Amino acid sequence: MSGSSDRPQAGILDDALADIVRRTGASAGGVYLLHEARQVLGLVVVCGVPVEVAWPWRRVALGAPVPVADAVRADRLIWVGSQDDMARTYPRAAASLPYRLATAAAPLQGRGRCWGALMLLWPASHPADATARERSHIGAAARRIARVLDEATVPPAVSEHPRLIPVSAVARPHGRQSPQAALDYVERLPEGALGLDLEGRITFLAASVESLLGVDAARLLGTRPWQSLPWLDDTLVEDHYRTALISRDPVAFTALRPPDTWLQFRLYPDAGGISVRITRATPPEYDRPVPDRASQQSTGAAATSPPQVGRLYQLVHLAAALTETVAVRDVVELIADQVLPAFGADGLVVSAADAGRLKITGHHGYDQETIDRLDGLPLDTDLTPAGRVIAEGVPSFFASPHELARRYPRASQISGKQAWAFLPLVVSGRPVGCCILSYDRPHDFGADERAVLTSLAGLIAQALDRARLYDATRDLARGLQQALLPRSLPSLPGLQSAARYLPASRGMDIGGDFYDVIRIDATTAAAVIGDVQGHNVSAAALMGQVRTAIHAAAGAPPDQVLARTNRVLADLETDLLVSCLYAHIDLARQEAVLASAGHPPPLLHHPAMPPGVMRLDPGPLLGIDPGLSYPLTVQPLPPGTTLALYTDGLTEVPGTDADETADRLARCLAQHSGHSLDDLIDVLLRHARPTAHYTDDIAMLLLRTGPPPT
């Protein structure tokens, strides 16, 4: 949400989330909103954890194997009761969130649309199984958020940075106790005590802390210990804080304060922050030397310090996410949404080496005029370092325009950027392209940052090479499939028809689903719909052969059409099976004769009759045995009858019963029977898949009878 007019609505949403976190006993929560065009869930508000902890999850693809995306796709509550359950069910999420916790994700189903999802986290002390009452409370909480979004006067938007809101701690009655007495009590204790807020910043220090830590208390207030104390500048220290914050488990560790003082830190978290108890400790047995980072930082060597633990977990997250990208567009979007924020970059250009030129396959943060100027440059260009980086396979880093201009005088003037990282994309010694990260301000690249970016470039190269091969195969198969599906349906007096084919939202985007209407004479026609097993070029090619066989046999009784097609498949010696429904429609006699080869039965509606799913006696799939027969079913078709033929991608939704889904669609067909057939297809698709996310191909063919032809 952005703009002053959105602030009251944002406040209502924020208050609702904070109240839900308190009422459910959760330790943290967040609201994701669905960007339907991009099929991405965006985190708009979070509470209970810092934004930097949630940052790797601020954008989640709707097809990603994570709880919040599953909740929206399956339209149901997803519960993950423990870290073991997370590792088994969602290994990618477990790798980048390695803490003991329980998680729930619930879809935000509003009026006629899914807004997104509610995400809640509980500490490790929560039982692994949620009770029926608790599940009911979570569902009610999601419906409450959905109502807030339904009633918003301006549709909420997903911003680049999620809002962080506090969860008010439960009030603790003090009675007549004096706050000063409590402070005096803490000051008299021999050990040190300090308080951290949920973002890890120091909010309170006892006087004894100064002598234990060897630093003035005024310098520490408002800072994070691992940033203000050089000897705590270790990824493990920040990880201990994150473990306490997310799991709400007490955590203990020891650290060496130079030169020889060992200290033990005990962290006690709750909803309001973390209390830290500091005591002197005996040296551990391994007692290994610790490098003196204080001198490094004082001499400006901070760039060589290890990366923050947040970046390490984010890189694990990025590596896992890159393995799941499918198309080139997916790779570019993931880099733009995840890699750029992780390294503070502002712009991205991904170029592929194609026929001796630099072909830009994706970009972010650049205007189109700049992209047009860079696209298609020869590999040996001296305008930018990209060609040389690809040829030599060595990355180049430029911290300022002055550095870049020394070797490439014209490059720094192209885009107005102030710093660049040119990363070669190399697979098995073969250059496939160049990934350019750019910055709006000068940026010094430390040694560890260069190493991490170079390693990440290898992962991007693998993903990009795989995605380019996928895109080429998909384009070939999609062209073949579109060429084989009918361009238009024939016109027949007394019969209206409309059809739609939708590819799966993820995967090859092509398959073997097909449909057709074949005009036989002035009063008869054949309607056919089928599904070839698989989502590849072979499935699309076999689909064309099946359609050809059906066309050759059209006009014969439906059982004979399927039997002949079955024998053709046997002659082709294919391993793929085919489901098919063939209907011979006689408009003069107002009836249809149908035969099915393992295909879902059609939906049927007439204004004078209740809607339902047609009862068919299905035969076996085509391709099993060439000698099988297919039973016939006769169905009256009085004027005004609507018949909906479809493939199983419409009704087979994960987590639901296909028969129940078909019954609901039949009722929906009756409720919207006054619509045109094209509009009716849209209604049925929205009803079956509110999120427009299709896990399988869908083909639909709708027929409506009119007055019999004269």
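Trainee: What makes the 64 residues a nonpolar core, and which of them have the most contacts inside it?

Mentor: A nonpolar core is a set of buried Ala, Val, Leu, Ile, Met, Phe, Trp, Tyr and Cys residues joined through side-chain atoms within 4.5 Å. The largest one here has 64 residues, and Leu41, Val60, Val68, Leu213 and Phe265 have the most contacts inside it. Helix α11 (residues 235-247) gives the most to this core, with 5 residues; helices are DSSP runs of H or I with at least four residues, strands runs of E with at least two, both numbered from the N terminus. A separate, second core has 47 residues, among them Met543, Ile585, Ala592 and Leu645.

Trainee: What kind of model is this, and which pLDDT limits apply?

Mentor: This is a predicted model, in which local features need pLDDT of at least 70 and side-chain atom pairs count only at pLDDT 80 or more, while totals for chains, interfaces and linings use all residues. Residues are numbered from 1 along each chain as its sequence is written, and side-chain values use heavy atoms, with hydrogens and water left out.

Trainee: Why is alanine 688 called buried?

Mentor: Buried means under 20% relative accessible area, exposed over 50%, and partly exposed in between, with a 1.4 Å probe and protein chains only. Alanine 688 has 12% relative accessibility, so it counts as buried. The residue lies in helix α23 (residues 677-688).

Trainee: Which residues does alanine 688 touch, beyond those up to four places away in sequence?

Mentor: Contact means heavy atoms within 4.5 Å, and alanine 688 has Leu650, Val653 and Leu665 as such partners.

Trainee: How do you know that strands β11 and β12 pair?

Mentor: Two strands pair if DSSP finds at least two bridges between them. Strand β11 (residues 261-270) and strand β12 (residues 273-280) are joined by 8 bridges and run antiparallel. They belong to an open sheet of 5 strands in the order β9-β8-β12-β11-β10.

Trainee: What makes β9 and β10 edge strands?

Mentor: Each of β9 (202-205) and β10 (251-257) pairs on one side only.

Trainee: What makes the link between arginine 388 and tyrosine 408 a polar contact?

Mentor: A polar contact is a pair of N or O atoms within 3.5 Å; within protein, one must be able to donate a hydrogen and the other to accept it, and residues adjacent in sequence count only if both atoms are side-chain atoms. The side chains of arginine 388 and tyrosine 408 are joined by such a contact at 2.8 Å. Arginine 388 is in helix α16 (residues 386-392).
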